[in-house]
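Colleague: Walk me through this model, please. I would like to start with the strands.

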Amino acid sequence: MQKIILSKPFEQDWIRMFTHLANLFFEETKISFDAEEDGIYVDVHVEQDSNNRFSGSAQLRQNDKAYWASFEEQVEMNVTEKERARQLKRVYSHVFLDVLEQLTGTTQSWGILTGIRPMKLYHKYRQLGHNCEEVKKILMENHRIAEEKCTLLEQIEKVQIQAIPDLHAIKDEVSIYIGIPFCPTKCAYCTFPAYAIHRKNGRVESFLDGLHEEIREIGKWLTQRDKKITTIYFGGGTPTSIEADEMDALYQTMYNSFPYMDEVREITVEAGRPDTITPAKIDVLKKWGIDRISVNPQSYTDETLKAIGRHHSVQETIDKFWLSRNMGMNNINMDLIIGLPNEGVEEFQHSLTETEKMQPESLTVHTLSFKRASEMTRNKEKYKVADRETVERMMQLGEQWTKENGYVPYYLYRQKNILGNLENVGYAKPGEESLYNIIIMEEVQTIIGIGCGASSKFMDPVTEKITQFQNPKDPAAYILTFEDYIDKKIEHLERIFPEKVTVELDR
């Protein structure tokens, strides 16, 4: 653990900020204010000068080494206390990151950003009226973001607006996420609600009974309020873990319950585990007009698949992709993960070479993240992963490959404890972008989560404030409480979409 001693005490919210920044450089950090302790000593402060500017400085000392940084930013006028605190934190972050970069010799390409949605920041500045060059200057100067990352964000914004021209005007519509929590096995890196599917004690059947009811009740409310649905996404787990007849019944309930189904722009079903895909299930998808699915290899090395707990082979991934394609699935996504155990540049190049033979409509390049509750995080010593320099080379390889094969970047997000402080990027052939992925990452409308572990994000269309609400992750808990959770979700919906009252005037 690396100790960092600050010259003055800060409140807990600020300590979290400094800790997140320090953790970009060190595996684990403890912030202290005790000058008697050994560690990295940082004197950091910000003051408002006579020219109405925030003037920040930081001096770092460790043994016989010393580094200094400064930064100034014009004080924003007529803003809320929250916005003022945000600017103050930005100035503190700027100088604190600067001296740590000098100490370690490591440059953080995402600058002071530690959140998971850089594109939201880009959209914010564009919505404020700044052109692309102005946004790039702000991101580079105020947030220390590298020029190549700014260029990537600019490319993504253009594609997103082409894919959803009314991206910032769909606040009165909703999207739906339907979570099915079963998988053949649970992957070592996974923290999603995913339970090995088995038929003991009627657990699957009881869960599906509750899911049907939840779809019907939410559909009833949407119909009464005349609400349109933009996109529907079946996730999990692996939604194709259930049987073909169960999928058929579920889609029947969806079409019977949700309003304006003929106007839904996109329906996606994650068929991420190739070992769950069968001709009968593809027939069901075709029956309901669903042709956007995911067939996720993650890696094209059998030893890696075994190490991370995916009980299927590389050949099965290839076979199920072509089965899906030949049976009429016209929009297939595939996922690859950079930095899986014992994989380097050579293995990732092999995965790209195999992907090139299939040319899926979209490819998401994930960077491995050590999620807190995953098997991989609990047993880190068991899983040897690539170093920062190697994962950066792999990411560059992915960028080059996608460009050469006609893909464009269309969404991006980051995660805590992500290798190399990098990112996850979704690439697609032009016109084949996942609308749901754009919507959920840019948080432009309410997403109603239905099913086990499904997270709802209720966005007030006036204030744009987001309230999150989580369904139970465990199927047993969901079966017992889903009715209560339906009521609570409807309460949230009533709050952000109040019923319009029509008053008739006497004539």
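Modeller: Isoleucine 5 stands opposite serine 32 in β2. Strands here are DSSP runs of E, at least two residues; helices are runs of H or I, at least four; both are numbered from the N terminus. This is a predicted model: local features need pLDDT of at least 70, side-chain atom pairs count only at pLDDT 80 or more, and totals for chains, interfaces and linings use all residues. Residues are numbered from 1 along each chain as its sequence is written, and side-chain values use heavy atoms, leaving out hydrogens and water.

Colleague: In which sense do β1 and β2 pair?

Modeller: Two strands pair if DSSP finds at least two bridges between them. Strand β1 (residues 2–6) and strand β2 (residues 29–32) have four bridges, in the parallel sense.

Colleague: Which unit do β1, helix α1 and β2 make?

Modeller: A right-handed β-α-β unit, with α1 spanning residues 12–22. Right-handed means that, with the strands pointing away from the viewer, the path from the first strand over the helix to the second runs clockwise.

Colleague: Is serine 93 buried or exposed?

Modeller: Buried means under 20% relative accessible area, exposed over 50%, partly exposed in between (1.4 Å probe, protein chains only). Serine 93 is buried, at 5%. Helix α2 (residues 81–104) holds serine 93.

Colleague: What is serine 93 in contact with?

Modeller: Contact means heavy atoms within 4.5 Å. Beyond neighbours within four places in sequence, serine 93 contacts Met17, Leu21 and Ile112.
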